[in-house]
Amino acid sequence: MILTDLELLSFKIALTLCAASTVGYLFSLLVKQVKLAKFSTWILAAAFGFLTVKFLFVIINSSWFINPDSRDFFSLCAWSVCAVYLVLQFKTKTRVLGAFISPFILLFMIAAAGEEAGRALRPQNLQNWLTAVHLLWTIIGEAFFAIASCAGIMFIIQNRLLKNKKLGGMIRLLPSLNDLDRINHLCLLWGFPLVSVGIIAGVVFAQISWKTGWLIDPKIIWTFAGWIIYGFLLHQRLAIGWKGYRMAVFSGAAFIILLLSYGSVRLCFSTLHNFI
Amino acid sequence: MIVLIGLNHKTASIAVREKIFAGCQEGNDLLARLRSINGVREVLYLSTCNRVEIIAGSDEHGKAIKELRDFLAQSGGLTAAEAADCFYEYYDEDAVRHIFRVASSLDSMVMGETQILGQVKEAYRQALEQYATGVVLNRLMHCSFRAAKRVRTETAIAVNPVSVSYAAVELAKKIFGSLDGKKILLIGAGEMAELTGTQLIEKGAQSIIVANRSLAQAELLAEKFHGEAVSLDALEAKLIEADIVISSTGAPDHIVTADMLRRIHHQRKNRLLFLIDIAVPRDIEPSASSQENVYLYNIDDLQDIADENMNARKKEAIKAEMIVDEEVARFVNWQKELESVPTIVSLRNKAEEIVKAEMDKAEGWMGNLKKEDQEKIDNLVNSIVNKVLHAPVSVLKEESSDISSRDIVAAVRRLFRLDG
């Protein structure tokens with residue numbers, strides 16, 4: 001019982017810190033102060049720490065890997081995006097990227113708070129290690145895609161400012177085009193294999209458990225389409241040499257397609273993935 | 001009387017400046033044509049990326065300024081509407097202050113930049129070569145160099161001495177993050193290109209390629225950076241390698257065209273390309289900026305960055321303005337001395353000083369003479385001095401009503417070393 005309380009407390013602190021860092025990041029854009037963005041990064045790192053603690057409690061408390069609840073699922077989404085962003089901070093020092101990513105993290109956290117704790121995410125028949133790998137790797141991989149797209153959107157903004165010669169405060173705050181392109185590149189490079197492994201785990205499980213019929217599931221079709229799009233982008237980058245603006249536009253568009261498909265499938269179709 | 005007419009980046013767009021620049025460059029007799037204008041006695045023509053100015057010594061300033069304005073407007077083929085707003089005019093002390101401020105880089109797009117003094121000196125050199133300047137402008141230009149030197153050494157205004165390249169480096173950082181390993185292509189081997197190259201290398205750029213119409217000049221500059229020199233024929237091939245291109249040639253047409261960039265787009269593998277066009281007329285076709293991953297900035301675009309620098313240097317500029325004021329006051333005093341009366345007084349004083357000094361020296365042996373003889377010698381010496389001075393003083397008095405007396409006054413002051 002105490003563990004459950006501590007887990008809830010960690011989650012609430014993480015949620016509060018997340019909200020604070022999002023406000024800090026957005027405010028840093030408003031007042032055009034990188035220092036504030038740096039401070040917000042530390043708050044976000046603290047939020048990440050508390051979220052990690054929450055997961056530790058969950059693991060200790062139950063067999064989480066096999067049976068996470070819906071709150072854990074959204075928390076995991078937030079945690080993954082947070083982790084990817086913070087790792088990138090070590091590599092590129094692009095604090096202001098947080099202003100674009102932290103709202104996503106906060107949205108995941110709010111969604112997690114809205115979910116009823118303890119409601120099993122997956123039906124009993126889906127609770128095994130293959131679906132756990134499928135879920136975890138896909139989420140982390142998608143987090144990379146999300147950040148690739150955020151970097152892409154920032155690239156588009158920075159590109160616009162530079163092209164239109166608007167050299168005021170905003171341009172100083174945003175990272176350089178090269179850094180943003182590099183983040184986009186790294187995220188695609190890391191995200192794609194993760195999502196691929198996640199998908200393979202799902203396919204193996206589906207083939208073993210369901211044998212037929214699963215291929216025409218709308219969510220699987222959309223996810224596969226998204227995977228193909230990102231694969232195509234990675235190919236274009238590595239083999240054809242796409243860089244900069246075009247990559248930014250396509251990765252931004254790909255993520256929007258992915259989000260729309262997720263929303264429309266969830267609302268309009270019956271799917272084997274109706275638990276998320 | 002000194003008059004100055006001109007236009008700069010604050011009063012005229014790059015298009016208007018290009019027209020005037022091109023118009024004035026036609027033919028090699030610009031200074032001769034300017035000197036032939038009614039009312040213009042001596043003249044200097046200053047043209048930089050940001051300004052075109054004519055400074056003239058004139059007998060009739062109203063007439064001279066009108067003629068000079070018409071000359072510029074006609075040379076540039078400006079419409080009446082264009083010509084109405086783009087020129088500024090200064091007279092006498094204001095004109096002196098303006099040229100001192102220009103030479104000291106207080107009126108530059110990037111305050112404190114160092115190129116302008118070199119350009120002013122070059123303009124003066126050309127005027128000297130063609131005997132276009134006279135007593136007043138010669139003195140004016142020397143005083144302006146002194147003012148500029150004092151501003152640079154007594155204030156911190158030129159701490160970041162390379163203005164355009166500083167702005168370029170700031171922008172390059174916004175595009176590339178770090179300049180480490182970046183390849184720079186300089187088109188044009190002039191002073192501006194050299195300064196820019198130095199700044200970029202200091203910030204970590206990997207190598208420099210210098211492309212120039214004259215390969216020998218390109219080689220000279222490339223040697224300084226341990227870079228590579230090519231002629232303009234190899235430009236397209238070198239654009240494939242470059243990350244940052246800085247163009248500052250005096251070519252009348254575009255050297256880097258949009259088509260050229262389109263052709264090499266795939267070979268460049270879509271890499272980001274930063275083009276800085278600091279030439280007037282522009283070297284890089286403006287439509288190149290519409291291409292993907294290409295960022296083109298011309299000299300006017302650097303204005304915004306220049307504004308920020310200007311704020312940072314405002315404090316130093318206050319000190320610099322005080323120095324300029326001092327130098328203006330000095331010059332104006334000298335000008336007043338060019339009137340004949342003060343010169344006659346100075347000349348007499350000088351003669352009296354010499355007499356007194358020599359008489360003091362002779363005191364030893366003259367002391368043995370009778371008082372009567374001593375007075376005779378005094379009278380003799382004074383009479384000789386008066387006779388020697390009579391002719392120059394008469395000429396100074398006779399010519400004092402004429403503007404050309406200034407030349408005579410200046411000559412007398414120089415011959416007798418009246419200015420120390």
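Helices (H or I, at least four residues) and strands (E, at least two) are DSSP runs, numbered from the N terminus. The model shown in these views is predicted.

**View 1. The open sheet of chain B has six strands with parallel pairing.** The strand order is E7-E6-E5-E8-E9-E10. Strand E7 (228–231) and strand E10 (294–298) of chain B are the edge strands, and each of them pairs on one side only.

**View 2. Strands E5 and E8 of chain B pair in the parallel sense.** Four bridges link strand E5 (residues 183–187) to strand E8 (residues 244–247). In this pair, B:Leu185 stands opposite B:Val245 of E8(B). Strands of a sheet pair through backbone hydrogen bonds, in either a parallel or an antiparallel manner.

**View 3. The second largest pocket holds about 970 Å³ of space.** Its lining comprises 33 residues, of which B:Phe21, B:Ser47, B:Gln119, B:Glu122 and B:Gln126 are the closest to the centre. By class, the lining residues are 14 nonpolar, 17 polar and two charged.

**View 4. Several elements of chain B contribute to the lining of the second largest pocket.** At least two lining residues come from each of helix H1 (14–25), helix H2 (30–35), strand E2 (40–47), helix H6 (115–129) and helix H9 (191–202). H6(B) gives the most, with seven residues. Domain 1 (2–160) and domain 2 (163–303) of chain B each supply at least three residues of this lining.

How values were computed: Residues are numbered from 1 along each chain as its sequence is written. Chains are lettered from A and ligands numbered from 1 in the order in which they are written. This is a predicted model: local features need pLDDT of at least 70, side-chain atom pairs count only at pLDDT 80 or more; totals for chains, interfaces and linings use all residues. Side-chain values use heavy atoms; hydrogens and water are left out. Two strands pair if DSSP finds at least two bridges between them. On a 1 Å grid over the protein atoms alone, a cavity is a set of points where a 1.4 Å probe fits but cannot get out, and a pocket is an open set with protein on both sides within 12 Å along at least five of seven lines; lining residues have an atom within 4 Å of a point. Grid points are joined across faces, edges and corners, and a volume is the space filled by probe spheres set on the points. Ala, Val, Leu, Ile, Met, Phe, Trp, Tyr, Cys and Pro count as nonpolar, Asp, Glu, Lys and Arg as charged, and the others, Gly among them, as polar. Domain bounds come from an automatic or database domain assignment.
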